[in-house]
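Hello,

I am passing a structure on to you, and my notes on it follow below.

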Amino acid sequence: ETGIDKVVVRYLKNKEQQEKSANVRSADGTYDFTFDAPENGEVCYENIEVIAYDKIGHCSTETPNIQNIAGKESGTNFVMQEKVVPKLKVELPETDSQNSKCHQIWYNKNHSFTVAVADEESGIKDAAIYVNNVLLENTDFMPDLLETAIEYDSQGNQKKITYKLDTENICKYLEQMKHSPEDGKYNLKIQVSDNANNMVIDNTSSFSIDTEAPVINEISFSRQTADGIESVKEFTDDSDYKYFFNDTFSLSVKVSDGKISCGLNKISYKLVYDQNDNNGKIMNGTSDIHDGVATIEIPKGFKGRVFVKACDFADNSSNEVTTAGFVVDESDPEITVSSIKDTDQKDKNGNKIFANDVNFKVTVSDTVSGIKKITASVNSDSGNTSTLTEMDASKTYKVGDLLDDGWVVTAIDRNLVTEVTKQYNIT
């Protein structure tokens, strides 16, 4: 044997044939060759051969056993040096929020989304998804948390991984792990490394969950009713009339939301007129909520009921609430007296004198707010009499009912007595 004269490495660099001599690395005859790292991360070294020459010109050729950084054999005779970081993409659905000024993503129901990671150069070595610093992984209690689809290159490397997730499952997972966020915000962090040890970390995506509906707590009046009532806190489907006003007024609807809230948006309401008044006309409207309060202006002459629903910016809606009926009445009751048969006889003071009993009928009516009380008096030479007849608000009247002092109910509107009559007989 004449000994080793030189060792050269022959290869293709970007499809061009090149050859370089290896350097002796140590006294034991180990040779070392370094491939230049590419500047743009896309230089490819192929068909690598190591050729050893002795001093008389004989040579032998070997294909080196090449491994990547992860220690995995490539199975072929090429090496690729690259510095390209993996690519990743998070595709979150559009927000459910209706607040154009809010740039945060809010959901009020379950949404599916995907996280895709890819590396076409050396392939993906590791990928992990964290939410609020908790690693997401399939477990016995949630085996389908991560639905994974993998694409491989010709060398068996993972070139693309797509994860499909559901926001509802993420919420349940963090709850099970006792890491549910107090503010309802879920911050994503995706960490990916490739087989060349390039790494990328993305923590720019997040979403918040608001599934709690607002609550209407109270409806207050801009002024007291005729009976001194200022607000309603208990809502009912009672169709009777209860709140009486002699002029227009407004309602203040007080609304609250849960601790985790996208913000209160508006109320929607409808004013439903009585069937006997405007033929049951319905007026629809909305009013923005400011500091937990929205306002409804009640129009002149309104008689009917108000229905209200509150909505937050995540599009969660409260139950529709209503109260007993409202009445705006700016007119006085009407009193009519039936005609009395005339006479030509008069006393010395000019007062008419009747030879027989005088009979007449008095009718009191109010078709808007109903009759609350009647005061009647009779003055004569023999004395004066005065009576007071009041309606019992807790009682339901019907036509024909006899009231105090001889008054008779002759017309009603739900719980309102709208007309009474009394027959007078003067002897």
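Is Lys422 buried or exposed? Lys422 counts as buried, at 11% relative accessibility (buried is under 20% relative accessible area, exposed over 50%, partly exposed in between, with a 1.4 Å probe and protein chains only).

Before the rest, some background: this is a predicted model, where local features need pLDDT of at least 70, side-chain atom pairs count only at pLDDT 80 or more, and totals for chains, interfaces and linings use all residues. Residues are numbered from 1 along each chain as its sequence is written, and side-chain values use heavy atoms, leaving out hydrogens and water.

Lys422 meets Asp405 in a salt bridge, 2.7 Å from N to O (a salt bridge is a side-chain nitrogen of Lys or Arg within 4 Å of a carboxyl oxygen of Asp or Glu). This pair links distant parts of the chain: Asp405 lies in the loop between strand 31 and strand 32, and Lys422 in strand 33, 17 residues apart. (Strands are DSSP runs of E, at least two residues, numbered from the N terminus.) Asp405 is partly exposed, at 31%.

The whole structure has 11 salt bridges. Another of them joins Asp237 to Arg305, with the closest N and O atoms 3.1 Å apart. Asp237 sits in the loop between strand 19 and strand 20, while Arg305 belongs to strand 25, 68 residues apart. Here Asp237 is exposed at 58%, whereas Arg305 is buried at 11%.

Asp401 also forms a salt bridge with Lys398, at 3.3 Å between the closest N and O atoms. Asp401 is buried at 14%, and Lys398 is exposed at 53%.

Enjoy exploring!

Technical notes: Helices (H or I, at least four residues) and strands (E, at least two) are DSSP runs, numbered from the N terminus.
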